[in-house]
Amino acid sequence: MDTAKKVMFVSAKQSLITDALLNKIRTWGAEPFYVLSAQQLAESGEDADSVVCYLEGDAAACAPLHAALDAWCAKCGAEAVCVGSREQYEAFLRSFAPERVAEFFERPLNMERFLSCVVGKRDAAARRARVLVVDDDASYRQFVREWLRDICDVSMANGGEQALKLLSAQKPDLILLDYEMPDLSGPQTLEKLRALPQAEKIPVIFLTGNEDASSARQVLSLHPAGYLRKSVGKEELLAKVGEALAGV
């Protein structure tokens with residue numbers, strides 16, 4: 001049996017976003033591990049097949065870690081795949097030799113290209129996660145689909161009734177469900193989903209346009225896998241979806 005590739009993930013801090021990235025690396029068959037400080041890097045030895053450096057936070061504060069990574073890569077003959085904004089990358093290169101950069105990925109990530117670079121081409125037989133987006137707003141459905149398409153296969157339904165019909169032919173790994181809809185509301189749709197043997201265990205994340213605390217309490221009282229306000233940014237959405245899919 002082939003040994004899984006070990007991926008060193010260097011970042012100044014651990015977050016929901018970095019956790020989601022590590023989960024995606026795992027879905028491609030690799031074994032990622034965090035390095036969050038220069039000291040931890042020194043203790044890691046030379047046991048890594050691939051290196052990712054996730055750029056965030058204050059450039060001056062991160063410089064010692066990046067300089068230590070540069071020295072580690074020089075010693076081990078390794079190169080780092082970098083993820084961040086263009087400004088963060090330019091600051092990173094003040095502490096890290098450009099010739100030791102394997103590739104730079106600007107956020108938002110092209111997830112499949114990033115994973116192919118870090119882990120290698122995935123087995124064609126490996127199945128992508130499937131996410132069903134249920135919302136009566138066509139423009140919002142398409143918006144979410146564009147955000148998710150790099151990390152999973154996305155199908156869409158314009159309401160609760162259509163979602164229930166789709167579930168007779170396909171079983172998604174996760175459902176993103178609008179809380180307020182005209183035909184069946186999100187809570188009514190969830191109740192019907194949980195009555196179906198083929199759908200009762202599918203995790204559901206509610207999407208809500210309401211920002212007030214009472215609406216959040218109402219959503220959470222239904223015990224979904226999570227909830228997101230529709231004003232959420234792309235990286236937080238991807239992190240929440242990645243977290244939910246990691247538990248499937």
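Biologist: Is arginine 113 buried, partly exposed or exposed?

Modeller: Buried means under 20% relative accessible area, exposed over 50%, and partly exposed in between (1.4 Å probe, protein chains only). Arginine 113 has 43% relative accessibility, so it counts as partly exposed. This is a predicted model, where local features need pLDDT of at least 70, side-chain atom pairs count only at pLDDT 80 or more, and totals for chains, interfaces and linings use all residues. Residues are numbered from 1 along each chain as its sequence is written, and side-chain values use heavy atoms, leaving out hydrogens and water.

Biologist: Which side chain does arginine 113 meet in a salt bridge?

Modeller: A salt bridge is a side-chain nitrogen of Lys or Arg within 4 Å of a carboxyl oxygen of Asp or Glu. Here the partner of arginine 113 is glutamate 103, at 2.4 Å from N to O. The pair links distant parts of the chain, 10 residues apart: helix α5 (residues 111-118) holds arginine 113, and strand β5 (residues 101-106) holds glutamate 103. Helices (H or I, at least four residues) and strands (E, at least two) are DSSP runs, numbered from the N terminus.

Biologist: How many salt bridges does the structure hold?

Modeller: Six. In one of them, arginine 107 pairs with glutamate 235, with the closest N and O atoms 3.1 Å apart. Arginine 107 lies in the loop between β5 and α5, while glutamate 235 is in helix α10, 128 residues away.

Biologist: Which residues of α10 are buried?

Modeller: Among them are Leu237, Leu238, Val241 and Leu245. An α-helix has 3.6 residues a turn, so residues three or four places apart point the same way. The buried residues of α10 pack against several elements, including α1 (16-27) and β6 (130-134); contact means heavy atoms within 4.5 Å.
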